[in-house]
Every structure is written in structure tokens, then in C-alpha cells.
Amino acid sequence: MSERDVVSWNAMIAGYAQNGLGKEALALYEQMKQEGVQPDKITFVVLLKACASLAALEQGKQLHSDIIERGFQSDVIVGNTLVDMYAKCGCTEDARELFNNMSERDVVSWNAMIVGYAQNGLGKEALALYEQMKQEGVQPNKVTFTCVLSACASLAALAQGKQLHYDIIKRGFQSDVIVSSTLVDMYAKCGCTDDARELFNNMSERNVVSWSAMIAGYAQNGLGKEALALYEQMKQEGVQPDIVTFTCVLSACASLAALEQGKQLHSDIIKRGFQSDVIVGSTLIDMYAKCGCIEDARELFNYMSERNVVSWSAMIAGYAQNGLGKEALALYEQMKQEGVQPDNVTFTCVLSACAHSRLVDEGRYVFDSMCKDHDVTPTKEHYACMVDLLVRAGCWADAELFINKMPIQPDSVVWMTLLGAARNHGHVEIGRRAFDLVVKLEPKNAAPYVLLSNIYATAGRKDELAKIRNEMKDVGVKKIPGCSWIEVDNQVHTFVVGDATQPQSKEILADLDRLAGLMEEAGYIPDLSFVLDDVEDEEKEKALCKHSEKLAIAFGLISTPPGTTIRIKKNLQVCGDCHNATKIISKIVRREIIVMDANRSHHFKDGFCSCRDYW
């Protein structure tokens, strides 16, 4: 151009910024200043947005200084963009100070600050600011509602979410597809999937975001079958899935160990050209690993064109889930060698891998290196992993000393870890102490009562067992029923403990009777301590036979060709009796049986389990 004015420079700077080239936009601004062209407020608004997208705080602060120097700080649009920039760089206190000192504020100003709080995990502050906004008479718009609903979702604040729903109806925004989709998301994240689905069904307009929100809601609430069914309905209605849809549906497949449907999704992803997306690739790795296909997961990982910390963590988590601690540690070392900085999630995965493989010294080293070498402050998840590592290896004194020295208050996860280990090792007194601490923190949680009941049953303490059962009744907590899923012919079948409602129940029970005789010949002795009902031993044996994973295994045996691998997902930890039984069954039927329970994957083959009876 023979002549360039501020509009020319702004056009080029905006071009870079809008195409994701923030660094180039900032470099051009420096050239603009060197050539003596004076920026205007449009220049600053565009550049601040570029800084926000890059989380480039230092450049943003320099721009702030330039804005003050040129007298643009009092402009409401510039002020709003400054608030947004500081918030997106994680500086919510600086953003709030700016917001408080603005001479003029409009609805965009309030939205910028509310969004800043919500995106930085400060949901309570976002809700408080929304209330202040209403008190000052500022009318919220649809952006406000979507932001505040997101804050409610992150906090599972159902009461405030319902009040927002009322405000949305009152102001006529419910028909807006973005607002309605966010309402669906809020109800789902608060655990109200029926309310979410009713809203979804009644939407006058639905787009891919709406469908993805409902699918994600089902997946996040453990309703994988419903998520998969809705995805099929979405395709039938001609709505094209996007990256978010695929990640949600893949998570549903992983939760059910629905490998065949996961493979079909993989095919759809390739067809739509999404396989190169790093998020989709990482979710595919997670799905294959959780279905017990760790080699397929690693092959995918190796061929990813781009890998970030999420990809590495997903693969390490896959190794941990499948009990391959040494492989997880090797990959962690490779990750560091390639210059990828591990984050909180990575360390949780590595420590979990060490715990499941009894790699105590390695786990201690990783934990110590978090702060020392990587400037990562341990969270309650990391402390829980270390307690798990120590008690699994039988280092009880070290575990209790570690808990006593924790710089943060131990939460229910730590005490549940100790209680679970006490169950596995038969430590009655430690189990009782851990139980008392858990129920103080989570009085309505049934899990500690069940674990302590198992401890008492194994130890033959009938009086204490009777007392803990009465306590459960008095408190009003009920044991979560065991539930298992198996995929056959692209359909997921669900089995609940004691289930006799399946169309093939007679065949399933007949096959279990057949197996029972063969198992007895192979030396199987039922472990009756895993039945807590006060009934005769014969009834206890019948109850053990109807555990959900055994029903699912029998169904898999009668429904698939000989030699086919059987994959089962279970919502709880596999009990010791089912673990022993499945080892023997795998040898009798000459099949590999993979059971993915709440803690890890067990690969049963030829009478052995990959966990080496250590879980």
C-alpha cells in the first residue's frame, strides 16, 4: 500500500487475531508503533482479545499501560476487553479491581466479569456477582444466563439453577437454542437427567450443541446406554456430530466397555476427518484402554500427528488401568525427554500406576519430584494415591505416618482408601477407625458401611456385623447394587445382582449351574464372607452365583462363538469370590475374560489374572 492509516493497520491486526495468529498481531502492533502510527481504541480491543486467546499476560499489561497513556481506559468497550483479558489470563482479582473502578458499566462489563469467574472455577463468585447485577438494575441477556448457568453446573447448584430457569422464562430467553442447551447441561450436571431430557424434548429448535449436551449429561451420570441410543437418534434425524459429540459418545463407550460401538465411532471419526484432532485422539486412546485393548490404544498414541499433555496422560492412565505400571513409568520418562511438562492429571495417573503395580519406591520418587522438579503442588488426589500405594503394599505404619504429616486435611477419599485396604488385608481395627472418619465426612455414603460389614463378616464378628447393619437402617443408607454390562452384537446388555428378568435368564442360570459343577471339580470353594445377608450357607452360595459379573459372563458364553474374548464392565470393585471364580472359568472355557471394575481392568486367561491377585 502506498499509504496506510490506522484503519489499514487495524484491518491487518484484526485479520491476524481473528485467524488465530495472535503473536503475529502483537508483532504488527510493535511495527505500527515504530512507524509512528497512533493506535485507536479499536486497535487496543483487537490486541487485548489476542492476548486473552494466548493468555499473554505480560503483553496484556503492556497494552494496559499504553491504553492509560493514551486516555482510553474510561472507554467502556476498552474497559470490558481489559476485564476479559485479565480474567482469561487467570488474574481474576486484577479483573475485579478494574471492573469495580469502571466509571461506566454495561451488561457486557458484567458478563465479562461473570465469565471470568466461571472460567476460573469461581462459580460462587459468579453467582454472587449475578445477584449484585440484578440488584443494581442491570438487565441480563442470553450471554449472562449461559455464563451463570455454567457456574451453577460446575457447582452442582441445582436450587440456583432452577431460579435462573425461572428468570430465563420470565425474560423470554427459553426459546433461544444456546440458552436452552446450557439449561440442559446444567440440569444434567446436577444429576437431574430426567429434567434435562424433558427440556431437550421440548426444545423448539435443537442444534449439535443441544444434542451433545444431552449425550454428555447421560455419559457423565453413568447412563452410557442412553447416551449411545441418543447418538443413534441424532444421526437418524440428520444432525451432524462434531468433535464434542464424538468425545462424549466415546466416553459412554468407555464407561460400558462397548468396544464394537467404539470401533464404529472410530470409523465415523475418520470419515468426518476428526482423527487428527488431539482431543478426539486422546479420547479414543482412553476408550480403547478402558475396553482392555491397551495395544490398540498405544498404536493410536504412536501415530498421533500431534500430542499434548492430555494425550500422554491418557496413555499413562490406560497403562495404570490395565495394571502395567512399568510401562506407565517408561512412558512418563519418555514424555519428559520429549519436553512435555506433566501436569496434575499426569501425576495422578503415574501414582495410580505405581499403586496398582506395587512400585513403592518409584511412587515415592515421583511424588517427591512433583514439587522439587516440576513445581506442581500435590492435591488431595495425589495424597490419596500415595496412601493407596502404601497400604496396597502393606506399609501400614508408613501410610498412617504419611496421613498424619499431610499439609491438607485428609478427605473422605483418603479414609475410604484406607478402609478398602483394611478390607482386603483383614485389618479390623484400622478399618473401624477409617470408617468412623469417613462417615463423619459423608454420613449418607453406603460404601463405608458395606466395606466394614465385609471386614466383620470375614473376621467372624457376627455381633459387630449385626450392629453395622442396624446402623445402616437407622441412617437410611442402602448398598448400591452391583451392575455389569456386556456388549454382544453391537448391543449393550445390563445385569444387576440377582437379576432374573433377562429374556435368556433360564439359559444363563443353566449355564452357571453347569459351570458350578466344573468349577467345583477344579477346586473352587465359594467365599461366603462376600454375602452379608443373614441366611444359611446354601442360600449364600446361590446369592454368590447371581453376582452381576457372573450373570454377564454366562450370557457372554452362551451368546458368542467359542474363543471370543468376553469384555465386562462393572460399576463396583470386583469381589474376591467373583475374582477367584472368573480365574477358574477362564481356564475351563479356554477364553480370555476382561472385567473392567471401578478400580482397574482384570485380564483373566488360563486360570490367571493380570493383577496377580493384587488389586
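Reply: C253 counts as buried, because its relative accessibility is 0%, and buried here means under 20% relative accessible area. This is a predicted model, and every value that follows is computed from it. The sulfur of C253 has its closest cysteine sulfur in C291, at 7.2 Å, which is too far for a bond, since a disulfide would need the two sulfur atoms within 2.5 Å. A disulfide, in general, is a covalent bond between the sulfur atoms of two cysteines. By this rule the count of disulfides comes to 0. C395 is likewise in no disulfide, and the nearest cysteine sulfur to it, that of C354, lies 13 Å away.

Helix α15 covers residues 243-256 and helix α16 covers residues 259-271, and their axes come within 9 Å of each other and cross at roughly 160°. Because angles over 145 degrees count as roughly antiparallel, α15 is roughly antiparallel to α16. The crossing of these two helices, α15 and α16, is left-handed. On the side of α15 the contact is made by F246, V249, L250 and C253, while α16 brings Q261, G262, L265, D268 and I269 to it.

With a relative accessible area of 14%, T247 is buried, because the value falls under 20%. If its neighbours within four places in sequence are left aside, T247 is in contact with I279, V280 and T283.

The crossing of α25 and α27 is left-handed. In this contact, M416, L419, G420, A422 and R423 of α25 meet A447, P448, L451, N454, I455 and T458 of α27, and the residues of the contact divide into 7 nonpolar, 3 polar and 1 charged.

D185 counts as buried because its relative accessibility is 16%. Apart from its neighbours within four places in sequence, D185 is in contact with A153 and A213. The C-alpha atoms of D185 and V209 are 9.9 Å apart in space, although the two residues are 24 apart in sequence.

Lastly, there are two loop residues whose backbone deserves a look. Most residues other than glycine have a negative phi. A55, which is not a glycine, has a positive phi of about 55°, and its place is in the loop between α3 (41-54) and α4 (57-69). With a relative accessible area of 46%, A55 is partly exposed. R590, also a residue other than glycine, has a positive phi near 55°, and lies in the loop between α32 (576-589) and β4 (593-596). R590 is exposed, because its relative accessible area is 74%, and exposed means over 50%.

Definitions and conventions:
Residues are numbered from 1 along each chain as its sequence is written. This is a predicted model: local features need pLDDT of at least 70, side-chain atom pairs count only at pLDDT 80 or more; totals for chains, interfaces and linings use all residues. Side-chain values use heavy atoms; hydrogens and water are left out. Axes are lines fitted to C-alpha atoms, for helices over the stretch in contact, and angles run from 0 to 180 degrees between N-to-C directions. Helices (H or I, at least four residues) and strands (E, at least two) are DSSP runs, numbered from the N terminus. Angles under 35 degrees count as roughly parallel, over 145 as roughly antiparallel, 65 to 115 as roughly perpendicular and the rest as oblique. A crossing is left-handed if the near helix is turned anticlockwise from the far one by less than a right angle, and right-handed if clockwise. Contact means heavy atoms within 4.5 Å. Ala, Val, Leu, Ile, Met, Phe, Trp, Tyr, Cys and Pro count as nonpolar, Asp, Glu, Lys and Arg as charged, and the others, Gly among them, as polar. Buried means under 20% relative accessible area, exposed over 50%, partly exposed in between (1.4 Å probe, protein chains only).
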